[in-house]
Amino acid sequence: MEIEDKPNCHHLHHNSLMTHDLKFLILHSSYRIPKYSQWAYSLVLKVITLAYAIQSTQSVGKTERPPPEEENRCKQPKQSISSSPNLNQSIMEDLPTELTIDILSRLPVKTIIHCKRVCKKWRNLVSDSSFVNLHLSRSPTGIIIHHKKPYLIRSATGIRIIVHHKKPRIDNWNIHNDPGILMWVEIEDIVDHHRLHYHGLFNVDLNRDVLAILPKSRVVGSVNGLICVWHYFPLLNIDDTYICNPITREYVVLPRERFLIGDDVGVVLYGFGVSSLTGEYKVVRAFQAKKVVQNQPNVLEAEVYTLGTGQWRSLGPVPVSCRLNTFKEFYGLFLNNHCHWIVSHNEICTFDLEKETFQLLPSPPPPPVKDIWSHRQSLAILNGCLCKLDTYRSELKIWVMKEYGIKNSWHREVVIRREICVTRWPLYEPIHLIAGLKDGSLLMVFENKLCVYDPRSQTIEDTKMFDPELSGWAYRPSFLKLQNSESERVHLLT
Amino acid sequence: MSKKTLTLMSKDKQLFNIEEHLAVQSVTIRNMVKEDGASSVIPLPRVDSETLALVIEYLNRQQAPEEDEDYVKKFVDERGEIPTLLELAQAALDLDIKKLMDAACMKVADLIKDFTLEEVREALRIENDRTPEEEKAIRDEFQWAF
């Protein structure tokens, strides 16, 4: 809608920024506890506003008067602009870049993108590294959701992210098994309540070939707004790693790994992170031969890729025992310069991104013998600390490592009994923790659903934002730019 | 130790007295005091007297540490006009008073986040120099956000 420049009509544009959000809010995408009635009331107001906006958009008229609420809303800030007594033009004209960057970095992602259109200076600032870094330092944690059964979008080349303004539904996916779509859920995280919305729905189509059988894809890492996606189908020799920024829509395809997965080799661990010392982004993965050669240990071998270098480097055998196909989760949780995975029985394996070495990290106490058979594990970050989730048939225990690397600092923070869970309790998969919120709630994914645990009311509820079949990870959106290099061409999702 | 007083001078040559132990919340002033004892008047050539009066009021606050955050928030909330807030942010930037600058910038961001582009330009006195081609390029680049 190209109307924000017309006099008296800017309210239309303003609304158009919100239209999609409102649709989502109205239909399905919002979830909030506990001030429900207040929320409902504001929703009703918004619906009315929206209805007005749609009406006025349809009958576009330059001189049309805005509806009452609109008028009030627009007027209020305007008054504050024009009626100020101490307006000092000279300072305003050269608002220091530092201040502009500071103010911009505090705006929501979508508003920042719209602000790129304010003037040339602002457009360039958003790409400036000082803005990018400041914004990243303030960017709140959200969720990246990989929805596994969306509807199919055909694409002949590369990854595609497409905005979808409607809720993906299983009954809309009509043709193939497909690689899935990625969605970003923004968390409005306030001290006494939270609200979730996915206003800007990404559709990531990872199909590189229009084939009858499509490869699988997995999100295997997320750091500083970049996500690492693995795209594989051994039968067709497909084994590609992508690094992508869903906000700027840039992505690179890494060169082929030395070992491709296939009949004889399988990937066990995958990780993506950044070295705080050098600022280098690295992808690491570890392989294992599928066939066990008699009298020889089934060795795990790793290789690492530093973004911009163009080649994978072998790290040789990994001194950690790990069984192939034991875990469906490859995702390496990145924290404190290390990627983390759960290996073997109750052990945490780490990869140091600077030293490029694997090590075991002290684990919390093992489960009681009687519970071993029902024990499922996952790793997450809670209040900046590494935490481990032990899912049992009857309960979930969340252990937090208060001091990184210190065995005695493992503390059992939360125990959630199965009885309080109204949705189905996971029996075969671990519960995944996505984020701990300021109001004490925990956002979790299990049984392919995005759920919220509220410690005050002692409830676990399905947010019902999406149809089932999803996985989710913590994700902090950023404007980080991918760099072109000889071996990595930066592409833009089309 | 007796309470030492410093004198700050605004752009329009007005003088403000403030106790040194309060003034050194400003890193800029703290460094000046460290360097030469800052016995004379400290000139602030970019800060007008109205803004400096606000800064002095802020520096003179007597809050318990646990209430300070709320106070700073309320302080900028009460000066909810964008030009005032920008002046305040600019002064806080020059004087290196991080808390005040953060709060002022946060408040401006809060105010402009629901503005239209035209309102943002008007509020921050920005000239619209973009071309239709650039506009299209941004829309193409960030399709999902439009």
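Modeller: A residue is called buried when its relative accessible area is under 20%, exposed when over 50%, and partly exposed in between, using a 1.4 Å probe and protein chains only. By this criterion, 48% of the 146 residues of chain B are buried. The model is predicted, so local features need pLDDT of at least 70 and side-chain atom pairs count only at pLDDT 80 or more, whereas totals for chains, interfaces and linings use all residues. Residues are numbered from 1 along each chain as its sequence is written, chains are lettered from A and ligands numbered from 1 in the order written, and side-chain values use heavy atoms, without hydrogens or water.

Chain B contains eight helices and three strands; these are DSSP runs numbered from the N terminus (helices H or I, at least four residues; strands E, at least two). Their order along the sequence is β-β-α-α-β-α-α-α-α-α-α. The radius of gyration of chain B, taken over C-alpha atoms, is 19 Å, well over the 15 Å of the globule rule (2.2 Å times the number of residues to the power 0.38), so the chain is more spread out than a compact globule. The C-alpha trace of chain B spans about 65 × 35 × 25 Å along its principal axes.

The buried residues are Ser49(B), Thr51(B), Leu52(B), Leu54(B), Val55(B), Ile56(B), Tyr58(B) and Leu59(B).

What do the buried residues of helix 3 pack against? Among the strands, they pack against strand 1 (5–9) and strand 2 (15–19) of chain B. Among the helices, their partners are helix 1 (20–23), helix 4 (65–78), helix 5 (82–95) and helix 6 (98–112) of chain B. Contact here means heavy atoms within 4.5 Å. Across chain B, of the contacts between residues at least 6 apart in sequence, 59% join residues at least 24 apart.

Helix 6, one of these partners, spans residues 98–112. An unreviewed UniProt entry places the feature "domain: SKP1 component dimerisation" at residues 98–145 of chain B; such positions follow the numbering used here, feature names are shortened, and annotations may be inferred rather than shown by experiment. Over residues 98–145, chain B is 69% helix and 0% strand, and the end C-alpha atoms lie 32 Å apart.
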